[in-house]
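Please look at the sequence and the model first.

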Amino acid sequence: MNYFIKSLLTATYCIFCSVVFAQIPDTQYSQGISYVSGGVGEGESQAILDEAQRWPLLLELSQLERGRGVWIFGATIQILNTQNQIIFDAQANGPYILINLPVGNYQIAATYQGVVQKKSVNIKSTASHKINLFWQ
């Protein structure tokens, strides 16, 4: 009985620590712009969402599969400036990608399984933006 209680407490502690101490993935760079991509697993997803308010842009990626929305990874994200130049080009490693864009107007072109979605965004210094990209 004593062994059972210790085992239960140890398992509970491990689960608690994995949720509480989950970290966002390492920062990466595309053409000098920092970004974080991931969100695989509940702990990592929550850590990214908690961090999102400190980043100018959060992209959330999903698709419709068998009548349900499901998270995706592997989408290619390109961001173009007002001169139509690609200033960011990366592949999402999970359903979330945080991007540290400077203030300005941008066009996002996200490609998943050959289907391109485009969205415009105006990054302001005082706000964090969340854009949902949903593939049918």
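Is S62 buried or exposed? S62 is buried, because its relative accessible area is 12%, and buried means under 20%. The model is a predicted one.

## The chain as a whole

The chain holds two helices and ten strands. Read from the N terminus, its elements follow the order α-β-β-α-β-β-β-β-β-β-β-β.

Of the 136 residues in the chain, 40% count as buried. The chain exposes about 8,500 Å², and carbon and sulfur atoms supply 53% of that area. Among contacts in the chain with a separation of 6 or more, 54% are between residues 24 or more positions apart.

## S62

S62 belongs to strand β3, which covers residues 57–65. Leaving aside neighbours within four places in sequence, S62 is in contact with V70, W71, I72, L133, F134 and W135.

## Q63

Q63 also lies in strand β3. Q63 counts as buried because its relative accessible area, 10%, falls under the 20% limit.

Not counting residues up to four places away in sequence, Q63 touches R68, G69, V70, I72, Y112, Q113, F134 and W135.

Definitions and conventions:
Residues are numbered from 1 along each chain as its sequence is written. This is a predicted model: local features need pLDDT of at least 70, side-chain atom pairs count only at pLDDT 80 or more; totals for chains, interfaces and linings use all residues. Side-chain values use heavy atoms; hydrogens and water are left out. Helices (H or I, at least four residues) and strands (E, at least two) are DSSP runs, numbered from the N terminus. Buried means under 20% relative accessible area, exposed over 50%, partly exposed in between (1.4 Å probe, protein chains only). Contact means heavy atoms within 4.5 Å. Accessible areas come from the Shrake-Rupley method with a 1.4 Å probe; for residues, only the protein chains shown count as cover.
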